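Here are my notes on this model, as numbered points. Please read them alongside the structure.

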Amino acid sequence: MNRKIIVAANWKMNGDTQLINDMSAALNQLTYKNKQVIVCPAAPYLSQAVSAFSHPDIAVGAQTINDRESGAYTGEISALMLNDLNVQYTILGHSERRTHFGESSALVADKVAEALDKNLTVILCVGETLAQREQGETEAYLTSQLQAVLDKVGIKAFEQMIVAYEPLWAIGTGVSASAAVAQETHEFIRGYLASYDETIANRISILYGGSVNAGNCQELFSQTDIDGALIGGASLKVEEFKNICLAE
Ligand code: PEP
């Protein structure tokens, strides 16, 4: 299966107008070979980003949404607002949302349902802690995170989704999972989805996230079940991110 490489930038609570201008000037002039780039700035910059990233292979995504359509939910942003701004993607279930904002797998599943209902493409993050990996609980934990979403929206919905495997011990630590460990885990995730629907499992893009940089992305991208990366720190550096976007 020849899946496109997806390079997604998660700027988290970083970045400003200057970064949007510098990054878009650098990325808009590149030629991407069978690649999709997705830039996810903080919410106040979404509109600016949609205008600035004008290249047909670059899309803009949000970092989360609320699971409700509208209403008295101070500070939140809705899928409908993303539709209004022509934002096509949203990250959901990032470990920082789960850890710092108490998002349960059930809430993540509700958000996925709302996003899909509004025709957004979801980048669903899953990943285990170091303790879980050391105790041999990685597969059971990833399964539970995926299962919550499968129970809510069903396997068909995964046609409109991307999965990002992000081990918590690799996020922002400077220590990426080895290509072999990442590949093995991606193969497990794809296999789990294949137990529901083989065609969908073969088509779905599974991104790796956790200290990806210009130096390690090539080896990761060359693995059979790794279809790109969700990138935090390195996506804030124009030259570094540009080189990741150009990696084969
Ligand atoms: C992330 O938070 O999605 C991430 C992968 O961060 P970093 O690349 O900085 O590890």
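**Notes on the ligand site and the barrel**

1. An N or O atom in the Glu166 side chain sits 2.8 Å from an oxygen atom of the ligand. That is a polar contact, meaning a pair of N or O atoms within 3.5 Å. The protein buries 95% of the 290 Å² that the ligand exposes when taken alone. Accessible areas come from the Shrake-Rupley method with a 1.4 Å probe.

2. The model is predicted: local features need pLDDT of at least 70, side-chain atom pairs count only at pLDDT 80 or more, and totals for chains, interfaces and linings use all residues. Residues are numbered from 1 along each chain as its sequence is written, and side-chain values use heavy atoms, without hydrogens and water.

3. Two further contacts involve ligand oxygen. His94 places a polar side-chain atom 2.8 Å from an oxygen atom of the ligand. Gly172 uses a backbone N or O atom, at 2.6 Å.

4. The ligand is surrounded by 15 residues, each with a heavy atom within 4 Å of it. Lys12, His94, Gly172, Ser211 and Gly232 are the closest. The shell holds four nonpolar, eight polar and three charged residues; Gly counts as polar, and Asp, Glu, Lys and Arg as charged.

5. Eight strands form a closed barrel in the order 1-2-3-4-5-6-7-8, with parallel pairing. Strands are DSSP E runs of at least two residues, and a pair needs at least two bridges. The average twist between one strand and the next is 25 degrees, using axes fitted to C-alpha atoms and angles from 0 to 180 degrees between N-to-C directions.

6. Strand 5 (residues 121-126) and strand 6 (residues 161-165) run parallel, joined by five bridges. Leu124 stands opposite Val163 of strand 6.

Technical notes: A polar contact is a pair of N or O atoms within 3.5 Å; within protein, one must be able to donate a hydrogen and the other to accept it, and residues adjacent in sequence count only if both atoms are side-chain atoms. Helices (H or I, at least four residues) and strands (E, at least two) are DSSP runs, numbered from the N terminus.
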